[in-house]
Amino acid sequence: MSIVYCLIAKNDRILSQYGSQVCSREQIQDILSLGDCPTKCYSFSIYYLFYESYDGLKTVCVAPKDMKQVNITCVQFTTDIRNRFTETYGQGYQTYDTTDFSRIIQQRMAFYNDPKNNIINRIEVKVETAKEQALHNLELAVDRLEDIEGLRIRTTDLENTGVRYKKEATKVRSHMYWENKKQMICLISVVLFIILVIAGVIGLIFWKA
């Protein structure tokens, strides 16, 4: 839903207007009979009517009640229309044919009715984008923590495996050391036995001689 109607008037004389006249002529005249005041909001049927008057220059904007951010958007719109009108015609606007200003009203109405150009919508989109990015970063952080935890577990397993291999290597070295000792003792024993046998044979030969 969007802004449906806008007019700008001097006192009770309409200078320019555009849109669907969803309110009656009597309602418009009642609104234009009001004096200078900041933006006010009136409710009728399914619409809100926003009225702003400054130095006799009056701006009226009509929008449906279910329009998103209707208050902020319509206040910005009425102020924008008044400022553009005075920039276009200056203080001598009463001497000009200002009906052509309806083209500018149409353009600005299309601008404010486009969600991409609405300030509040842009902020909401930025907030939503930032929220999605934050969630994405959080998911990446969680995944990274899981990867770090997995790496820590693998590192611990490697350390445990290394300790186990070191113990087994120590046992193997110890076993080989004692095997070498036993082989050396056996070899020495055999050599001593052979020497004794040879010495006994030599002694026997000399004894017989």
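E52 and R82 form a salt bridge, with their closest N and O atoms 2.8 Å apart; the term denotes a side-chain nitrogen of Lys or Arg within 4 Å of a carboxyl oxygen of Asp or Glu. The model is a predicted one, in which local features need pLDDT of at least 70 and side-chain atom pairs count only at pLDDT 80 or more, while totals for chains, interfaces and linings use all residues. Residues are numbered from 1 along each chain as its sequence is written, and side-chain values use heavy atoms, with hydrogens and water left out.

Side chains of opposite charge can pair when their charged atoms come close. Helices (H or I, at least four residues) and strands (E, at least two) are DSSP runs, numbered from the N terminus. Both partners are buried: E52 has a relative accessible area of 7%, and R82 one of 15%. Here buried means under 20% relative accessible area, exposed over 50%, and partly exposed in between (1.4 Å probe, protein chains only).

The remaining bridges involve D80. Its side chain meets that of R84 at 2.8 Å, N to O. R84 and D80 both lie in helix α2, four residues apart, or about one turn of the helix. R84 is partly exposed, with 30% relative accessibility, whereas D80 is buried at 12%.

D80 also forms a salt bridge with R108, at 2.9 Å from N to O. Because R108 lies in helix α3 (residues 102-113) and D80 in helix α2, this pair ties together parts that are 28 residues apart in sequence. R108 counts as buried, at 15% relative accessibility.

R108 leads on to helix α3. This helix has twelve residues and reaches 16 Å from its first C-alpha to its last, close to the 16 Å expected at 1.5 Å a residue; the expected span is 1.5 Å times one less than the number of residues. Its buried residues are I104, I105, R108, M109 and Y112. Seen down the axis of α3, these buried residues fall within an arc of 135 degrees, so they line one face of the helix; the arc is that of the directions from the helix axis to the C-beta atoms. The buried residues of α3 pack against β1 (5-10), β2 (13-19) and α2, where contact means heavy atoms within 4.5 Å.
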